[in-house]
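Here is a short briefing on one protein model. Keep the sequence and the 3D view open as you read.

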Amino acid sequence: MVIILLGAPGSGKGTQAKMLSSKFSIPHISTGDIFRKNIKENTLLGQRAKMYIDKGQLVPDKVTCEIVDDRINMEDCKQGFILDGFPRTIFQADELEIMLKKKVQDIDYVLNIIISDQNVITRLSGRRMCSCGQIYHIDRNPTKVDEICDICGENTYIRDDDQPNTIKTRLQAYHQATKPLEDYYFQKGLLLEINGEPTPKEVFDEVVSVIN
Ligand code: AMP
């Protein structure tokens, strides 16, 4: 099964992808996570991606497509995978088609998680991360002890690209480059719309019901 999650930054794609990954036992592939891992390890890819990510801009299509092509050709993707944050442009969507054709795989569902722009800003500006992968929000899902992860006890932190100006640029990039994908996948009869405003659990229930 191949599932694509579309939606603005902060719409909850990552959270839903994690839940889907454990329900269907297929890998969760987040291009943002791959870039962040490379930035942390200071690889050449990380150094290149950081120049764009820190400004809230999209990483160029070619390099992004290459990392996805490598990842989906790994052994664990044979039964399918969940793409979170890819494709983000029409070019990437066209490239994905070519990649999947080579693997003789088809896209099963494109889930478009919809939240308002105002909510994007509220969610991203209050988001707190932990290096263990746990994600919090200062109002919606706070840590029990201020700035300390409930799971591993490490200090939480704010993502570099969750700063107010960068959030604005990311939102613009979403509207200009990514939103046209809604029509792209609608035309192919693959688009399913999900209300991303309720709690993660409620959103997941809707995701499961539309898939079924
Ligand atoms: P995310 O964690 O999905 O919000 O991604 C964080 C940042 O990584 C984005 O703001 C982009 O700069 C970059 N990025 C992630 N996925 C892509 C993609 N498919 N195309 C271009 N840039 C991406």
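A search of the whole structure turns up 0 disulfides, a disulfide being a pair of cysteine sulfur atoms within 2.5 Å. C130 is in no disulfide, and the nearest cysteine sulfur, that of C152, lies 3.4 Å away. This is a predicted model, where local features need pLDDT of at least 70, side-chain atom pairs count only at pLDDT 80 or more, and totals for chains, interfaces and linings use all residues. Residues are numbered from 1 along each chain as its sequence is written, and side-chain values use heavy atoms, with hydrogens and water left out.

**Cysteines**

- C130 counts as buried because its relative accessibility is 4%. Buried means under 20% relative accessible area, exposed over 50%, and partly exposed in between (1.4 Å probe, protein chains only).

**Around the ligand**

- The ligand has 16 residues around it, and T31, R36, Q57, G85 and Q92 come nearest. A residue is near a molecule or strand if one of its heavy atoms lies within 4 Å of it.
- By class, this shell has 5 nonpolar, 6 polar and 5 charged residues. Ala, Val, Leu, Ile, Met, Phe, Trp, Tyr, Cys and Pro count as nonpolar, Asp, Glu, Lys and Arg as charged, and the others, Gly among them, as polar.
- Helix 2 (residues 31-40) gives the largest share of the shell, 4 residues. Helices (H or I, at least four residues) and strands (E, at least two) are DSSP runs, numbered from the N terminus.
- A polar backbone atom of G85 is 2.8 Å from a nitrogen atom of the ligand.
- R88 places a polar side-chain atom 2.9 Å from a ligand nitrogen.
- Q92 has a side-chain N or O atom 2.9 Å from a nitrogen atom of the ligand.
- How much of the ligand's accessible area does the protein cover? On its own the ligand has 480 Å², and the protein covers 95% of it.

**Aromatic pair**

- The structure holds 1 aromatic pair.
- Y184 and Y185 form this edge-to-face pair, at 4.9 Å centre to centre and 80 degrees between the planes. Rings of Phe, Tyr and Trp (its six-membered ring) pair if their centres lie within 6.5 Å; planes under 30 degrees apart count as stacked, over 60 as edge-to-face and the rest as tilted.
- Y184 and Y185 are both buried.

Key. Polar contact = N/O pair within 3.5 Å; in protein donor to acceptor, adjacent residues only side chain to side chain. Areas by Shrake-Rupley, 256 points an atom, 1.4 Å probe, with all protein chains shown as cover.
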